[in-house]
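User: I would like to learn how to read features from a protein model. Could you walk me through this one?

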Amino acid sequence: MELELVCEGLAFPEGPVAMADGSVILTEIKAQRISRVTPDGRRETVVETGGGPNGAALGPDGALWITNNGGSFVWLDNGGLTIPGPTPPTHTGGMIQRYDFKTGKLETVYDSCDGKRLVGPNDLVFDKAGGFWFTDHGCSTPDGRKNGGVFYARTDGGHIRQHRGHMISPNGIGLSPDESVVYVADTQLGRLWAFDVAAPGELAPNPGFAPGRVICNLPGYQLLDSLAVEASGKVCVATIINGGVTAFDPDGSVEHYPVPDLITTNICFGGDDMRTAWITASATGKLYRARWPRPGLKLNFNA
């Protein structure tokens, strides 16, 4: 896989969304903003979000939906690399935001579930029904971690439900091509989970004591971040420490595509044949473009 550098100088980029005009919308977590990178590599600010905008996706209403962790990291400089550190004591929780491109309005749609504040919303994916699955990554504490979970919500602001809780560090989330499975990458465990879908917005019961099915645990010390699904059903997960993208087959086999950044955080697909991959290299603040070996899955509400 040959990488092309498209843009640099980004402040911990994440959440790429491929647009029809060839540009990419992405989050800059450290800069607390949504940006657009044009095909010639220029960066333009779309909106200042505050907090820590992490994941982004286009919804059925044409708006940009954002999982905002609420500023759950202290930012460290390690030899010129930007590294997310511990959660600052000022952090009070995160939220789900909606940005209307036409009006320029940014609003918070959800900041709690069943009366409990969301901790660190991380990534989201819309299903055909127009609702969205999202992960709450949790956050660090002086004594350990606040655990995260997997949620489903509707865009009308009237329904949010936690379907799995007490998870270590759920991060990337995606749907299988037939939407029968929700995939979730757990950062600290280096594990890809699969949750069977019983109906839109509903998961099947837990398989025994486990919250879901384990697709694969990566060997050694490898961390997982956000993900995108291929049209074939492979799940492409951005990989930290072993910087790059790991493609998981549902049968558990894997292949790794290296990226020159130990904190590779996300990938999305676009282009006429869905083989243009956009990859965020966050420690070095870069956005890469590559010709992926297989087509990505076209999202339900792509631009």
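**Reading the model, starting with a salt bridge**

Analyst: Let us begin with a charged pair: Asp196 and Arg213 meet through their side chains in a salt bridge, 2.9 Å from N to O. Asp196 belongs to strand β22 (residues 191-199) and Arg213 to strand β24 (residues 213-217), so the pair ties together parts that are 17 residues apart in sequence. This is a predicted model, where local features need pLDDT of at least 70 and side-chain atom pairs count only at pLDDT 80 or more, while totals for chains, interfaces and linings use all residues. Residues are numbered from 1 along each chain as its sequence is written, and side-chain values use heavy atoms, with hydrogens and water left out.

User: What counts as a salt bridge, and how many does a search of the whole structure find?

Analyst: Side chains of opposite charge can pair when their charged atoms come close. Here the rule is a side-chain nitrogen of Lys or Arg within 4 Å of a carboxyl oxygen of Asp or Glu. The search finds 17 of them in the whole structure. One of them joins Asp21 and Arg36, with the closest N and O atoms 3.8 Å apart. Another links Arg42 with Asp40, at 3.2 Å between the closest N and O atoms. There is also a network of salt bridges that links Glu230, Lys234, Asp249, Glu255 and Arg294.

User: How do I read burial, and is Thr27 buried or exposed?

Analyst: Burial is read from relative accessible area: buried means under 20%, exposed over 50%, and partly exposed in between (1.4 Å probe, protein chains only). Thr27 has 0% relative accessibility, so Thr27 counts as buried. For the charged residues, Asp40 is exposed at 55%, whereas Arg42 is partly exposed at 46%. Asp196 is partly exposed at 34% relative accessibility, and Arg213 is partly exposed with 34% as well. Across the chain, buried residues make up 56% of the 303 residues.

User: What surrounds Thr27?

Analyst: A contact means heavy atoms within 4.5 Å. Leaving aside neighbours within four places in sequence, Thr27 is in contact with residues including Phe12, Arg33, Ile34 and Asn54. A polar atom of the Thr27 side chain lies 2.9 Å from the backbone oxygen of Asn54. Thr27 itself is found in strand β3 (residues 24-28).

User: How many helices and strands are in the chain?

Analyst: These elements are DSSP runs numbered from the N terminus: helices are H or I with at least four residues, strands are E with at least two. The chain has zero helices and 31 strands.

User: Which residues have a positive phi although they are not glycine?

Analyst: Two examples are worth a look in your viewer. Asp114 has a positive phi of about 55°; Asp114 lies in the loop between β12 (112-113) and β13 (116-117) and is exposed, with a relative accessible area of 75%. His166 also has a positive phi of about 55°, but its place is in strand β19 (residues 160-167). His166 counts as exposed at 74% relative accessibility.

Key
Polar contact = N/O pair within 3.5 Å; in protein donor to acceptor, adjacent residues only side chain to side chain.
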